[in-house]
Structure formats: C-alpha cells, structure tokens
Protein chains: 2
Amino acid sequence: MTTTSFNQGKGLGQPVGVAVLGMGTVGTEVLRLIAENPNAYANRIGGPIEIRGVAVSDLSRPREGVDPALLTDDALGLINRDDVDIVVEVIGGIEYPRELVLAALKAGKSVVTANKALVAAHAGELADAANEAGVDLYYEAAVAAAIPVVGMLRRSLAGDQIQRISGIVNGTTNFILDAMTSTGASYDDALAEATRLGYAEADPTADVEGHDAASKAAILASLGFHTRVSFDDVYCEGISKITAEDIEAAKEAGYTIKLLAICEKLVDEEGNKSVNARVHPTLVPNEHPLATVDKSYNAIFVEAEAAGRLMFYGNGAGGAPTASAVCGDLIGAARNKIHGGRAPGDNPYANQPIADFGEVPTRYHIDMRVEDRTGVLADLANRFANAGISLRTVRQEEDAENEARLIVVTHEALEKDLRAMVEELAALPNVKEVKSVIRLDS
Amino acid sequence: MTTTSFNQGKGLGQPVGVAVLGMGTVGTEVLRLIAENPNAYANRIGGPIEIRGVAVSDLSRPREGVDPALLTDDALGLINRDDVDIVVEVIGGIEYPRELVLAALKAGKSVVTANKALVAAHAGELADAANEAGVDLYYEAAVAAAIPVVGMLRRSLAGDQIQRISGIVNGTTNFILDAMTSTGASYDDALAEATRLGYAEADPTADVEGHDAASKAAILASLGFHTRVSFDDVYCEGISKITAEDIEAAKEAGYTIKLLAICEKLVDEEGNKSVNARVHPTLVPNEHPLATVDKSYNAIFVEAEAAGRLMFYGNGAGGAPTASAVCGDLIGAARNKIHGGRAPGDNPYANQPIADFGEVPTRYHIDMRVEDRTGVLADLANRFANAGISLRTVRQEEDAENEARLIVVTHEALEKDLRAMVEELAALPNVKEVKSVIRLDS
C-alpha cells in the first residue's frame, strides 16, 4: 500500500480512505488534483486523503500518474475494503456503475459520481440507498462540470423558490450550433468539424439528439423543484434537423438557435401545479445572455422568487473541469466523514406531478412556403385565430415563382394546440411546405 | 410566544429557534421568505424554523409582516434565550453587530450575517469565536447578495486551486459607470440619477470611493486563497474622478470602464508567493464578459487551475436577493443543528503574505496632453524604455493649437514603476497635463 505523505498541520484528523473507480480522462485528473495538493486537501478537510486503490477494467494497460500497486480490476473488492470511506465513480455507462454505487452506499461508503446518465435514470434508488445507510451521494460534476449548479440548487438557493431553470448544458451541440451561426456551415460540416476537434464523439447520438442534455434537465428539475424527475420524463428533441436556412432565418429575426434544457414550474388555470422538463432547439433573443454563450461553453440561467435572475457560465465538460467538481464533492464528503453531518441529499418532498408536454405553454417559430395568391394569408391567419393562437409577428416575402415564404412567430399557446396547428397547416393545399418549426424562449 | 404552524411531514425533527437582529429591508424579506414557505423550510432542513424574536432599535415604529409579540429591543437578551439556536444578523454597521455576533457565537449559537463590513474587518476574531464554540458562521449575503460566490469558493471549488477572482461587486458604481457609458453623462449627473432612482445612498461615499467593494474583495481573497485578507489590506480607488472624457477615450480604444475588485495569487521571480486584493476603476476589453454587465448587476469571474474560467452573474444587492442568500445560509445552519456537522469555515491555513501593491504587476492607460513639437514622442518613448516599461499601443492626435493628445497603453510592469513613470511624465515641461491614468485588465 502506498500512501502519499502529508504535512499534517495541527489539529488534522485521521486519514480518509478513498477508492477511485475508473481511470479515464476524469479519473486521471482527479488523481492528479489530489496528488498535487495534499496539503490543501488535508487542511480543507481536516485530515489527509489517502487513495486506497484505483479500479480499472484493463490492468495490462500502462497508467501514468498512479502507483501501479494501487491498481486493481476488482472494483467490488476495493469498495468493500474496511479502510475505504468514500468511493469516487468516474466510469460512465449506467448498469455497471449502478451496481457498484449501490454496493458502495449499502456498505456505508459515501459516493461521489460524475455520472449524469446514472443519476438521471436511478436518482430515487440511489438516494434511498444513501439515506438508509446515512451516507452522502454527491454528483456536482453530473451537470455542467465545474459550474456549481448542483451545489447552488441544493444549498445556496435552499431558502428561495426556484421558478425556472434554462440552460446550455451540452458543449458539443453548442459548438455545432455556434459554428453554424458564425460561419454559415451546414449541420453536417459543423458536426464533422466538432468531431475533428474532439468536441464530438465518434457516435455523437447522445449529444446531438439531446439525450445528454435531457439527463441534466432531469437532474436540474429534480433539485430545483424537489420532485423526482427522471430521464424518461423529459421531452427531448435534438439538433440534427437544424439547417443552415433555419440559422439564417433566426438571425434575420434577431434570434440565435441554442439547444436549451428548460425546467419550469407550472400552474394551470385551476391552480394545479406541475413541473416540466424539456430539451429542444430554441430561438433565444440575441440580447439574452444565453445567446452569446459560444464554442463549447455551458451556461445556466436560474430564476428564483427572491434572488431574481442568476446566470452561471463556464466549461461544462472536459477532464480537468469535471475533476474540479468531483474533488469539490470529495472534500465535502470527507469533511462529513471527519466532522459528522450529512450533505443535503435528494429531497423530493414537493412531489409535484410531471406535466404532459402537450399541456405546457410554448411559442413557435414556423417557416412555411405557401402559394403566392390573394387570400392565402387571410385564410392562414383565420385558422390561427380559430385555434385560439395569437400571432406575435408575421413576415411574408416572395420566394420562388408563385411561392411566398411566410414566417410566423406565435404568442404562447399550449404545445398540443401549436402542434395540431402545424399539422393542419401542413395538410393544406395552399401550404406547399412547412420548412421548419422551432420553439422560442423569452 | 407565537410560533408559525407547520405541516410537519414524516421524519421531521425538533424545531430550530431563530433570532433575527434587525428589521430593515433585508430583515423584513428574511421574515417574509420564512413565513411564506414553512413547509419548504421544514422539509429542506428536516425540522421547522421557529422565529423566537426580532430585535429592533425602535419598538414604537409600526412593523408589517411580523407578530408584534416577537419584537424586542433587547437584542442580547434575545440572543441568550435558551430556545434560540441560530442568530441572523442583518443590522449593518460594525461595532454594535460585532458585539452581538461575538455574544451569539460565545453562547453557542450559529450566526448568519449579511454584513460585509463586519466580516471584512473582523473575520479572524469571529472565526476564532465560532471555532471555540464549535458553531457555524455563514455570510453568503456579504458578497454580491444571491450570487453564491461564497459557497462556491468554500465548497464547490474546494478541490481546486483558485488563481484569480475579478468582479463587479458594487451595484451603485456599476449603475453610475453604465449610465456614463450609455448616455455620455458626467459623473455628477449619473450619480444624481442613481440617487434619484434609489441605487445610491444619500451619502454615497462607501460605494463610490470603493470601500464597499474593498470589503468584498477582502472576503473573496480570504476565501479563495485561504489567507486572512482584511479590509485594510485592500488597495482601494473609487470612481469619483472618472470623467465623461475617460469613458469616451475608453470606448474609442475598445474598452469599458468598470470598478473591479481583483484578487490575485502572485509568484515573484524568486518563487515567493503572495496575494493581492485591490479595487480600482479598470478598462475591460469590450469582448470580456464583465464588460457587458449593465445597470446595477454584479458579476464575478473566477479563474481556477482545473475548472478554468467561471462567471457568476445576478443581482448583487436589494432586499429580496440578499434575503435569499441569508435564508440559504439559515437552512444550512439549521441542518447542521439537526443533523450535526459544521459548515466549512474561515480556513487561513495557507497564510500567504499580502503583497505590497507597488510590487504587483499592473497595466496603465495614460491619457496626456503634450507639446506638439518634433521629438516629444521620441523623448517620451525613451523614458518608458529606460524605465523598463514596454508599450502596447500609442495613439497620438492633434488636440488644440500646439498641443497633441497622447494615449499610451503599457504592457505589464510593476505598479511602483508605472506610478513613478507617471510622476516623471507629469513633471516634464513637454507634458502639459496627465489627464487620466486608469489601469487595464486583460
């Protein structure tokens, strides 16, 4: 057993034993941060961190920056060692880490994880296991890496009432949309560039179809509204159908297209409360702070009753920023091991129903090609009026011969009514094509 | 004794008794938030909050939103009641709240304060008292109200190494500078407008001379660098000498003038480490996120080794945002009373020396009026070169007859060398006037 040596200042307590599961980009950075700052960690915790072992799947692969004696392929054995107090899970995936995290919690070890997919899919089960054992489950790194939005929702804003959270929580899609906006590139070209630069994975599905953002939306909604919102509760639409033409139309109208995760508290006309979480491409007014978030940066906008509007901005991914969040959590969990107390955990006391997305008020930007004939606009305007959907802006311009381009921005209406309206429009002989439908955010 | 009634859910613990000292704007909002959300508070804490009393200086003044039976003018008596667990100090001032906060800590009560001046002047004394009694001292609201920068430095970034903190932490001065920038108004007119709209107090000295920002800089530097930095350690220069001409010159050069609080970790050529905290008007490049922070908003930029650049933006003042931060702290302190454990407190283990500001590298923007004669520019350029100060940009233009305007932006040099250079320039016969000297931030 190798232990790092510490300059144990006055009053420092017993060492805290840590097991790290996984040694990919994040795990490697976590080990580096701990190894480079032993004094800082010991002083901030009140006792030194000692790495008891690092579980990896392939023992034969050379690993830098870690004593080979610490490596093991027996993750469960490592977790169950008596001298392990805290387990850091940075493997990724869902089923295998779920088993390991549950085993750790049941064995009375606090857990720090960066795994958004795991937390979004199994928050309730994991929280129950943590509560039963009286240990901590931390996951700051699961949403927007080092942007401390989890801690802010759990602690800083605990005395406030969150009304809405909206944010850019996926760097890959923001990189692609930003590239399309700034260069006029097509979706395919921007994705290729993102892949070339390492911003997109070989299989980009989880990012571009919004699944990654939906996991984060589920976590944010759960924390903000004290209600269990899981991945399956999140309406999710990705960016793969966004065209250069959509981007151009948005620009002309003063908007920037962003993939937003939106979490809202809703109250219907009868006063019934519910919560909604969704992910979709969104037209954001250029003057809104989220519109200017460029490259692969993340930003999260929180609206709270007393605090008003807050925004948090930074690197939402990457080994070092993610490790920063993991290590902040590790220090919190270690402090609790030494000084007692528990971190505020999953707390779904409000238990609000999840709104049917059809019943959620949204706003649409609809780009159509219509017959260029007298009466067409009047007919379409009547149909919107009959459906009870009022229009905010209408722009008509000549397109091709006998064809006009009609761009309609609606006021807020129920999602189901807007969707039905688009279906009705698409079926009309006067409407040659509904080119694109993108929701707006205020 | 009036106690608010609670829907005590399953598993809720004993009530936590709270004394509120002061019922100004913030105190009133704190009481409102607690009264309006009893269920949320009880569930988030694990037991209900019960207000034991509210100390005010003038009992005869009518107070809305609080049971009159709770009011008292005996603050010390209230603090020392056996059924008071937590004391919320929202009085303002330094000496009187210092006595009360010390009395509360010594009596074993955790304290939540919004008092930046108190914390910046007496952090060490207060922390020692809290440590001796084993209780918590929270002060999220002391810096930038509901922007959770204190919690972020204490917890979220605890596993990282902070390199630099720079921010707009005073809403009054940002309102004034923003008004000057957007309307071309003079300093006096912008201040008058700020006063009329309630953004500036009748005596605006503490804001416009940078004292309020300096208190916050001291707190941020202390937290970020784990070193005790007090108000007196902060170099402080206000905005009262900024002219419409300075704003105009900044605009022409692509900068916006902001009053920044800057906290830096420094390493000199011999590897000696130190910390610096300062407040001064600063030219911020227009493309920097801090440049676009308008009105009375606050924003704090943090650079950390692993997390990279993070920014936090929101309302930095006002009753409700400040109360939001106070109540977040209150819930943290109350959780610890019920579940055990202590919040990470003042932790100056790193104990770095405070740098002499003269030894800190800065950059100057110098606006001069010089004789419009051959050789003047060469002479001045030589003087900069001889002083070892290299120039980043030089702009010369005709001003009046026989007079040229010369604007010089330097590269980084020691503050003392830049200051000596300005003194040398001002004394030269060729230099008619040094109109303004403003530092730059990258």
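How many bridges join strand 5 of chain B to strand 6 of chain B, and which way do the two strands run? There are two bridges between strand 5 (residues 110–113) and strand 6 of chain B, and the strands run parallel; V111(B) has L137(B) as its bridge partner in strand 6 of chain B. Two strands count as paired here if DSSP finds at least two bridges between them, and the helices (H or I, at least four residues) and strands (E, at least two) are DSSP runs numbered from the N terminus.

Before I go on, a word on conventions. This is a predicted model, in which local features need pLDDT of at least 70 and side-chain atom pairs count only at pLDDT 80 or more, while totals for chains, interfaces and linings use all residues. Residues are numbered from 1 along each chain as its sequence is written, chains are lettered from A and ligands numbered from 1 in the order in which they are written, and side-chain values use heavy atoms, with hydrogens and water left out.

Let me return to the sheet in chain B. It is an open sheet of six strands in the order 3-2-1-4-5-6, with parallel pairing, and its edges are strand 3 (71–72) and strand 6 of chain B, each of which pairs on one side only. In general, strands of a sheet pair through backbone hydrogen bonds, either parallel or antiparallel.

Strand 4 of chain A is joined by four bridges to strand 1 (residues 16–21) of chain A, in parallel, and A19(A) stands opposite V87(A) of strand 4. Four bridges also join strand 4 of chain A to strand 5 (residues 110–113) of chain A, again in parallel, and there I86(A) has S110(A) as its bridge partner. From strand 4 (residues 86–89) of chain A, I86(A) and V88(A) point one way and V87(A) and E89(A) the other, and all are buried, where buried means under 20% relative accessible area, exposed over 50%, and partly exposed in between, with a 1.4 Å probe and protein chains only. In a regular strand the side chains alternate between the two faces of the sheet.

Strand 4, helix 4 (residues 95–106) and strand 5 of chain A together make a right-handed β-α-β unit; right-handed means that, with the strands pointing away from the viewer, the path from the first strand over the helix to the second runs clockwise.

Two individual residues of chain A deserve a moment. G22(A) sits in the loop between strand 1 and helix 1 (25–36) of chain A, and G22(A) is buried, with a relative accessible area of 11%. Not counting residues up to four places away in sequence, G22(A) touches G27(A), V54(A), A55(A), V90(A) and I91(A), a contact being heavy atoms within 4.5 Å. F225(A), in helix 10 (residues 211–225) of chain A, is buried with a relative accessible area of 3%. The C-alpha atoms of F225(A) and P348(A) are separated by 7.8 Å, although the two residues are 123 residues apart along the chain.

How are the two chains related? Chain B superposes on chain A by a rotation of 180 degrees with 0.0 Å of shift along its axis, at an RMSD of 0.0 Å, and the two copies are thus related as by a two-fold rotation axis. The superposition is by least squares on the C-alpha atoms of residues with pLDDT of at least 70 in both copies. The same surface serves both copies, since 100% of the contact residues of chain B recur in chain A. Of the residues of chain B, G341(B) comes closest to the rotation axis, at 1.9 Å for its C-alpha.

Helix 6 (residues 149–156) of chain B is mostly covered, with seven of its eight residues buried. Those buried residues pack against helix 12 (319–339) of chain A and also against elements of chain B, including strand 7 (162–168) and helix 10 (211–225).

Finally, the chain as a whole. Chain A has 14 helices and 18 strands, and buried residues make up 58% of its 442 residues. Its C-alpha trace spans about 85 × 50 × 35 Å along its principal axes.
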